[in-house]
Amino acid sequence: MQNKTEAIQKAEQVLYKTYNRFPVIFDHGDGVHLYDSEGTEYLDFGAGIAVMGLGYNDPEYAEALTAQAGKLLHTSNLFYNQPAIDAGQKLLKASGMEKVFFTNSGTEAIEGALKIAKRHAFNRDGHGGHEIIAMKHSFHGRSLGALSVTGNDHYQEPFAPLLPGIRFAQFNNLNSVKELINEKTCAVLMETIQGEGGIYPATDEFIKGVRELCDKHGMLLILDEIQCGMGRSGYMFAWQKYGVKPDVMTVAKALGNGVPIGAFLAQREAAVAMRPGDHGTTYGGNPFVCAAADKVLELFEKRNITAHVTEIGSYLWEKLDQFVKDHACAVDHRGAGLMQGVEFDRPVGEIVKKALLENQLVLISAGSNVIRFVPPLVISREDVDLMLEKLENSL
Ligand SMILES: *Cc1c(COP(=O)(O)O)cnc(C)c1O
């Protein structure tokens with residue numbers, strides 16, 4: 001292997017620069033630990049942005065991938081494949097939804113959900129031109145459609161004009177949603193727990209209120225569970241805590257535990273709104289990625305991951321609460337399960353950098369002032385204790 005400095009220089013020559021990366025090259029992982037190219041061990045509280053739910057190098061998961069790699073990787077959606085049927089069944093069972101479409105990413109799951117909303121309204125009204133309500137400070141992805149519903153001017157501005165007919169309400173402010181509804185509105189889209197925007201869970205009142213508004217005005221409720229879903233909140237899907245159910249939901253990130261797979265799921269009218277020819281993907285739902293998702297879903301159930309998340313999540317909650325009490329620079333603490341955020345009175349970039357480079361702790365931020373704690377879901381109390389020690393040392 002090239003030495004690290006050379007490798008990083010080479011990377012900067014080769015890779016399109018849309019990221020400012022940290023000067024670390026990870027080489028392998030095990031459980032909740034990552035190891036860099038020089039063999040240094042890191043404690044990981046980022047999980048590759050909430051992806052590695054089962055942690056690194058899980059033997060049962062790796063075995064399933066190897067077996068499928070030696071059997072069949074891809075056939076296209078012109079044919080059926082068994083792993084997609086198996087993974088689909090498990091996902092429907094876990095969510096209570098009726099139909100699933102597999103995508104290659106979270107962004108594409110959002111694209112599909114938006115198309116369902118438009119198609120559903122078109123079927124009903126016989127014409128297009130419908131509007132969608134999304135939330136300020138949301139994040140749904142970087143493609144032009146997903147960017148259009150991402151409530152962040154900074155991300156949107158250079159790429160305007162985006163999709164017309166998108167209106168932004170204030171998350172957790174029911175009146176702000178009400179005020180935007182008109183006869184053209186066909187759907188409301190939101191994250192159940194806002195992730196990139198700073199770890200804001202929907203309030204009970206808000207999500208129930210939005211569900212009622214959707215029922216009353218014939219709008220679809222689309223919940224983005226790409227980050228907060230797959231056990232991270234202590235529930236398989238974060239909306240299950242509230243006793244509401246979406247018409248359409250999106251999943252990705254932890255669904256594949258590292259292989260690129262997402263999905264959109266739908267129920268009732270939304271489950272039959274799109275018809276043959278309306279949507280497609282070459283890779284989406286291929287046997288390889290579906291074998292991965294199928295194994296992830298099997299292991300989640302077998303190991304009762306949600307119960308573990310609830311237990312360790314409340315331990316992390318106590319510890320971070322204490323942390324906020326002990327430090328004047330920490331001003332708020334929010335989240336659920338193993339998706340928690342601590343807000344500081346200043347940008348957290350320096351803390352995150354110091355944690356990584358001086359204390360071998362992988363942390364990620366959410367927005368500029370929030371540190372987001374989204375570790376692999378298999379962490380232990382000892383890992384939480386060690387993380388806090390490293391965090392203290394990074395201040
Ligand atoms: C990460 C994320 C996305 C986009 O998913 P990609 O797999 O990066 O395309 C969409 N919505 C939410 C809530 C996310 O956290």
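Me: Which backbone nitrogen does the side chain of asparagine 257 reach?

Reply: First, the conventions. The model is predicted, so to speak of local features requires pLDDT of at least 70 and side-chain atom pairs count only at pLDDT 80 or more, while totals for chains, interfaces and linings use all residues. Residues are numbered from 1 along each chain as its sequence is written, and side-chain values use heavy atoms, with hydrogens and water left out. A polar contact is a pair of N or O atoms within 3.5 Å; within protein, one must be able to donate a hydrogen and the other to accept it, and residues adjacent in sequence count only if both atoms are side-chain atoms. Here the side chain of asparagine 257 reaches the backbone nitrogen of glycine 53 at 3.1 Å.

Me: Where does asparagine 257 lie, and which residues does it touch?

Reply: Helices (H or I, at least four residues) and strands (E, at least two) are DSSP runs, numbered from the N terminus. Asparagine 257 lies in the loop between strands S11 (248–251) and S12 (262–266). Contact means heavy atoms within 4.5 Å. Not counting residues up to four places away in sequence, asparagine 257 touches Val51, Met52, Gly53, Leu54, Gly55, Tyr61 and Val296.

Me: Is asparagine 257 buried or exposed?

Reply: Buried means under 20% relative accessible area, exposed over 50%, and partly exposed in between (1.4 Å probe, protein chains only). With a relative accessible area of 3%, asparagine 257 is buried. By contrast, asparagine 57, in the loop between H2 and helix H3 (59–69), is exposed at 52%. Asparagine 57 also has a positive phi of about 60°, although it is not a glycine.

Me: Which residues of helix H12 are buried, and how does one read their arrangement?

Reply: An α-helix has 3.6 residues a turn, so residues three or four places apart point the same way. In H12 (residues 349–359), Ile351, Val352, Ala355, Leu356 and Asn359 are buried. They lie on the same side of H12 because they cover an arc of only 130° around the axis, the arc being that of the directions from the helix axis to the C-beta atoms. Glu350 and Glu358, on the other side of H12, are exposed. Just after the helix, glutamine 360 takes a positive phi of about 50°.

Me: In what order do the strands of the open sheet of 4 strands run?

Reply: Two strands pair if DSSP finds at least two bridges between them. The order is S1-S2-S3-S15, with mixed pairing. The edge strands, S1 (26–30) and S15 (361–362), each pair on one side only. S3 (residues 41–44) pairs with S15 in the parallel sense over 2 bridges, and leucine 43 stands opposite leucine 361.

Me: How do strands S13 and S14 pair?

Reply: S13 (residues 330–336) and S14 (residues 339–344) pair in the antiparallel sense over 6 bridges. They form a hairpin with 2 residues between them, and glycine 337 in the turn has a positive phi of about 55°. Because 5 of the 7 residues of S13 are buried, this strand is largely enclosed by the rest of the structure.

Me: How many disulfides are counted?

Reply: A disulfide is a covalent bond between the sulfur atoms of two cysteines; the criterion is a pair of cysteine sulfur atoms within 2.5 Å. The count comes to 0 disulfides. For cysteine 186, the nearest cysteine sulfur is that of cysteine 214, 10 Å away. Cysteine 186 is buried, with a relative accessible area of 1%, and cysteine 214 is buried with a value of 1%.
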